[in-house]
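Colleague: Could you walk me through part of this protein model, step by step?

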Amino acid sequence: MAGKKTARVPRAAYEQELLRLQTELVKLQEWVRAEGARLVIVFEGRDAAGKGSTIKRVAEHLNPRQARIVALPKPTERERTQWYFQRYVEHLPAAGEIVLFDRSWYNRAGVEHVMGFCTKEEHQLFLRQCPIFERMLVEEGILLRKYWFSVSDAVQQERFRRRMKDPTRRWKLSPMDLESITRWEAYSRAKDEMLVHTDVSEAPWFVVESDDKRRARLNMMAHLLGSVPYYEVPPPVLELPRRPPSTGYERPPRDLQTYVPDHAASL
């Protein structure tokens with residue numbers, strides 16, 4: 001698909017397929033629970049590549065007690081003295097859980113390296129240790145899926161412009177995001193080097209073309225579902241009980257409670 005112009009997925013077809021895939025994701029979640037499996041999904045890519053919106057759609061109908069999103073802030077002074085992978089390890093799933101990393105340990109291969117937040121030695125150490133770390137996760141039985149969302153420079157800039165004009169999305173745009181425009185080639189070189197060292201057979205990278213966000217979401221979800229040998233777990237048989245007869249309870253007068261004003265009535 002790289003370099004090819006494709007028609008945008010029509011909204012009706014997108015919404016129909018999105019619901020189907022989300023339904024399958026719920027089945028996947030139930031399989032993870034029933035089998036005691038552990039699933040880690042890493043979402044990486046450039047700023048405005050569509051990672052966050054894809055994560056939102058993946059998690060939309062999942063049980064937040066079983067499937068959680070991990071988006072760590074910058075490390076504290078104490079965390080900076082730890083082994084680099086240490087603060088990520090504590091967020092790995094237990095049996096029956098799914099963890100979606102909205103950015104991950106790959107910060108060191110990207111923004112930290114390009115922006116000078118780590119030393120060259122720390123960066124090189126990461127590239128050596130990361131495949132070992134991920135092989136350990138896989139050997140432990142964790143299902144690890146890594147997705148790189150690839151966006152063109154023109155589309156990225158257009159998304160930045162829209163964020164600047166939209167008050168509901170302005171918070172998504174940071175000075176660091178704008179800095180990435182002037183360092184486009186540096187980020188490209190960092191990504192290429194990262195893939196050379198960490199695209200290993202035990203934990204391969206899967207690239208998602210994301211100039212069309214609808215297409216990217218559907219492609220990523222379909223690939224994830226196709227990569228896990230899940231099956232539909234029969235749901236428990238539930239029966240709605242009859243409401244017992246009244247024992248004389250009476251609701252207190254409404255004027256004894258404070259109600260939210262009916263704003264909707266003014267529309």
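**A strand and its sheet**

Modeller: Happy to! Keep in mind that this is a predicted model. Let us begin with Arg38, which is found in strand β1, residues 38-45.

Colleague: Is Arg38 buried or exposed?

Modeller: A residue counts as buried when its relative accessible area is under 20%. Arg38 has a value of 19%, so it is buried.

Colleague: What is the relative accessible area of Glu44?

Modeller: Glu44 also lies in strand β1. Away from its sequence neighbours, Glu44 is in contact with residues that include Tyr106, Trp148 and Trp205. A polar atom of its side chain lies 2.7 Å from the backbone nitrogen of Ser104. Glu44 is buried, with a relative accessible area of 3%.

Colleague: Which strands stand at the edges of the sheet?

Modeller: The open sheet has 5 strands, paired in parallel, in the order β2-β3-β1-β4-β5. Two of them have a single partner strand each, so one side of each is left without a neighbour in the sheet: these are β2 (67-70) and β5 (205-209).

Technical notes. Residues numbered from 1 in each chain as written. Predicted model: local features only at pLDDT ≥ 70, side-chain atom pairs only at ≥ 80, totals over all residues. Heavy atoms only, no water. Helix = DSSP H or I, 4+ residues; strand = E, 2+ residues; numbered from the N terminus. Buried < 20%, exposed > 50% of the residue type's maximum accessible area, 1.4 Å probe, protein only. Polar contact = N/O pair within 3.5 Å; in protein donor to acceptor, adjacent residues only side chain to side chain. Contact = heavy atoms within 4.5 Å. Pairing = 2+ DSSP bridges. Lists of a residue's contacts leave out its neighbours within four places in sequence.
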